[in-house]
Amino acid sequence: MPTRTGRPPKISRAEIVTAANRVIEEDGVAALTMRRLAKEVGSTAMALYHHVRDKDELLLLLLDAYAATAPRPELPEEPSERLVTAAVAMHDALSGRPWAVDVLRADDLLSVGALWYPEQIVDAAVRAGLTTEEAVDAYRIIWHYTAGEISAAAAARARREEGGTTHRERVFAELDAAEFPRLSEVGARWAELTAHDTYVKGVRALVRGLLP
């Protein structure tokens with residue numbers, strides 16, 4: 001008797017989201033295609049379209065799923081501390097998914113669930129005495145700083161995982177002390193020094209400068 005191939009196995013939206021997250025974690029957002037995803041779940045690309053319209057909708061599902069599990073700490077009453085706490089929570093949430101920063105930076109896709117962070121930051125800035133418009137400016141400045149810190153940290157982790165000495169480390173280790181006296185003094189330790197986590201220190205400095 002001939003073997004029956006039958007229909008492809010049924011898949012759920014949750015399975016699709018899990019597989020999509022796995023692809024991104026392994027190979028980045030650019031590697032996430034409907035064809036690759038179909039292979040991951042053991043189905044066909046056509047079957048996936050019964051659950052998601054396109055890659056953008058899939059990314060939205062991923063962002064929503066992650067936002068639902070992201071921490072929302074108790075915030076202090078004092079406005080500047082409230083702002084710092086909310087910013088640190090946003091940083092910590094996104095640090096677990098650096099790919100989300102690249103998606104959100106495009107300003108086309110966002111998760112409504114993740115709007116808790118900008119809401120709290122803008123609210124704290126208004127409580128501190130800024131107008132709503134000024135508070136939005138403050139949030140955008142803090143967001144760009146946060147996104148840059150996360151992207152830089154992710155790139156540094158990738159370089160460390162690759163191993164070996166980077167071009168930058170070689171350059172700093174061989175700096176001319178006469179031309180670059182300060183940098184050459186710490187050149188051999190540049191990678192170590194620039195690996196320090198300075199996010200909280202930086203965001204506190206930003207908040208002091210932004211609030212009245």
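For the descriptions of linings, Ala, Val, Leu, Ile, Met, Phe, Trp, Tyr, Cys and Pro count as nonpolar, Asp, Glu, Lys and Arg as charged, and the others, Gly among them, as polar. The model is predicted, with local features needing pLDDT of at least 70 and side-chain atom pairs counting only at pLDDT 80 or more, while totals for chains, interfaces and linings use all residues. Residues are numbered from 1 along each chain as its sequence is written, and side-chain values use heavy atoms, with hydrogens and water left out.

**Stop 1: the largest pocket**

Select Ala156, Arg159, Arg160, Thr194 and Ala195. Among the 24 residues lining the largest pocket, these are the closest to its centre. A pocket, on a 1 Å grid over the protein atoms alone, is an open set of points where a 1.4 Å probe fits, with protein on both sides within 12 Å along at least five of seven lines; lining residues have an atom within 4 Å of a point. The space in this pocket is about 690 Å³, where a volume is the space filled by probe spheres set on the points, and grid points are joined across faces, edges and corners.

By type, the lining of the largest pocket comprises eight nonpolar, nine polar and seven charged residues. Helix 8 gives the largest share of that lining, nine residues. Helices here are DSSP runs (H or I, at least four residues) numbered from the N terminus.

**Stop 2: helix 8**

Select residues 132-162, which form helix 8. How many Å should its 31 residues span? The expected span is 1.5 Å times one less than the number of residues; this gives 45 Å, and the end C-alpha atoms are 45 Å apart, which agrees. Just after helix 8, Gly163 takes a positive phi of about 80°.

Next, highlight the buried residues of helix 8: Ala135, Ala138, Tyr139, Ile142, Trp143, Thr146, Ala147, Ile150 and Ala156. Buried means under 20% relative accessible area, exposed over 50%, and partly exposed in between (1.4 Å probe, protein chains only). The partners against which these buried residues pack are helix 5 (79-95), helix 6 (98-105), helix 7 (116-127) and helix 12 (199-210).

**Stop 3**

Centre the view on Ile142. Leaving out residues up to four places away in sequence, Ile142 touches Leu83, Ala87, Met90, Ile121, Tyr199, Val203, Leu206, Val207 and Leu210; contact means heavy atoms within 4.5 Å.

Together with Leu32, Ile142 touches the most other members of the largest nonpolar core, which has 54 residues. Helix 5 supplies the largest share of this core, nine residues. Such a core is a set of buried Ala, Val, Leu, Ile, Met, Phe, Trp, Tyr and Cys residues joined through side-chain atoms within 4.5 Å.

**Stop 4: the second largest pocket**

Select Leu104, Leu110, Ala114, Tyr139 and Trp143, which lie nearest the centre of the second largest pocket among its 21 lining residues. The elements giving two or more residues to this lining are helix 4 (55-69), helix 5, helix 6, helix 7 and helix 8. About 420 Å³ of space lies in this pocket. Its lining divides into 17 nonpolar residues, one polar and three charged.

**Stop 5: helices 6 and 4**

In helix 6, select the buried residues Trp99, Ala100, Val101, Val103 and Leu104. They pack against helix 1, helix 4, helix 5 and helix 8.

Move to helix 4, whose 15 residues should span 21 Å; the end C-alpha atoms are 22 Å apart, which agrees. Its buried residues are Glu57, Leu58, Leu59, Leu61, Leu62, Leu63, Tyr66 and Ala67, and they pack against helix 1, helix 2, helix 5 and helix 6.

Is Glu57 buried or exposed? At 18% relative accessibility, Glu57 counts as buried. Apart from residues up to four places away in sequence, Glu57 touches Arg13, His51 and Val52.

**Stop 6**

Finally, select Met34, in helix 2. Met34 is buried, with a relative accessible area of 10%. Its contacts, neighbours within four places in sequence set aside, are Ala45, Leu48, Tyr49 and Val52.

Met46 is exposed, with a relative accessible area of 61%. Met46 and Met34 are twelve residues apart in sequence, and their C-alpha atoms are 8.6 Å apart in space. For a further distance, draw a line from Met34 to Glu149: the two are 115 residues apart in sequence and 31 Å apart, C-alpha to C-alpha.
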